[in-house]
Structures are given as structure tokens and as C-alpha cells.
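Subject: Handing over a structure

Hello,

Here is the structure I promised to pass on. Please open it and keep it beside you while you read my notes.

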Amino acid sequence: MWRDRWFVLGVVGAALSCLACLTPVVVVILGALGLGAWSGHLDVVLLVALVVSAGLVLYRYRIARRRTS
């Protein structure tokens with residue numbers, strides 16, 4: 001299962017999406033760069049990325065479990 005690239009991609013994507021906890025830091029950085037208008041959409045994008053990545057992990061995990069059973 002650990003050689004399944006889609007599973008690994010889903011785990012990495014979910015881990016990176018968990019950076020939503022750092023959203024306040026990103027808002028400050030975007031504000032300092034003059035891109036503060038983009039900060040209103042960060043939570044929506046990060047939440048969708050987390051859900052898609054977690055769904056990919058669950059899907060590939062089920063496929064891998066079915067092959068071994």
C-alpha cells in the first residue's frame with residue numbers, strides 16, 4: 001500500500017491542507033504584500049483541498065484493502 005502514489009499524494013495533500021491553522025499568519029503576510037483582498041477566500045480553498053485530499057486517501061485505502069483481502 002505504501003507504494004501507491006495516489007495514496008501518498010492524498011496524505012501529503014491532507015497534511016498541507018491542515019495549514020489552515022496558519023491562516024492568520026497568511027492573512028498578515030498577504031496584507032503586508034498588499035494582497036489582503038485575497039484573504040477572504042483562503043478558508044474556502046483550504047477546506048475544499050482538505051476534503052478532496054481526505055477523500056482521495058479513503059478511496060485509495062479502500063482499494064488497497066480490497067486487493068489484499
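First, one term: a contact means heavy atoms within 4.5 Å. By that rule, serine 53 touches Gly10, Gly13, Ala14 and Ser17, leaving aside residues up to four places away in sequence. Please bear in mind that this is a predicted model.

Now the overview. The protein has three helices and zero strands. From the N terminus on, its elements run α-α-α. The protein has 69 residues, and 20% of them count as buried. Take the contacts between residues at least 6 apart in sequence: 63% of these join residues at least 24 apart.

Next, helix H3. H3 covers residues 42-68. It has 27 residues and reaches 39 Å from its first C-alpha to its last. That is close to the 39 Å expected at 1.5 Å a residue.

How do H1 and H3 pack? Helix H1 (residues 5-17) meets H3 at an angle of about 150°, and their axes are 8 Å apart. Angles over 145 degrees count as roughly antiparallel, so H1 is roughly antiparallel to H3. The crossing of the two helices is left-handed.

Which residues make the contact? On the H1 side they are Trp6, Phe7, Leu9, Gly10, Val11, Gly13, Ala14 and Ser17. On the H3 side they are Leu46, Ala49, Leu50, Ser53, Leu56, Val57, Arg60 and Tyr61. By type, the residues of this contact divide into 11 nonpolar, four polar and one charged.

Two residues deserve a look of their own.

Start with serine 53, which is found in helix H3. Is serine 53 buried or exposed? Its relative accessibility is 11%, so it counts as buried; the cut-off for buried is under 20%. Other buried residues of H3 include Leu42, Val57, Arg60, Ile63 and Ala64. What covers the buried residues of H3 includes H1 and helix H2 (23-32).

Then go to phenylalanine 7, in helix H1. Phenylalanine 7 has a relative accessible area of 7%, so it is buried too. Where does leucine 58 lie relative to phenylalanine 7? The two are 51 residues apart along the chain, yet 8.3 Å separates their C-alpha atoms.

An α-helix has 3.6 residues a turn, so residues three or four places apart point the same way. Keep that in mind when you go through the contact lists above.

Over to you.

Best wishes

Terms used. Residues are numbered from 1 along each chain as its sequence is written. This is a predicted model: local features need pLDDT of at least 70, side-chain atom pairs count only at pLDDT 80 or more; totals for chains, interfaces and linings use all residues. Side-chain values use heavy atoms; hydrogens and water are left out. Axes are lines fitted to C-alpha atoms, for helices over the stretch in contact, and angles run from 0 to 180 degrees between N-to-C directions. Helices (H or I, at least four residues) and strands (E, at least two) are DSSP runs, numbered from the N terminus. Angles under 35 degrees count as roughly parallel, over 145 as roughly antiparallel, 65 to 115 as roughly perpendicular and the rest as oblique. A crossing is left-handed if the near helix is turned anticlockwise from the far one by less than a right angle, and right-handed if clockwise. Ala, Val, Leu, Ile, Met, Phe, Trp, Tyr, Cys and Pro count as nonpolar, Asp, Glu, Lys and Arg as charged, and the others, Gly among them, as polar. Buried means under 20% relative accessible area, exposed over 50%, partly exposed in between (1.4 Å probe, protein chains only). The expected span of a helix is 1.5 Å times one less than its number of residues.
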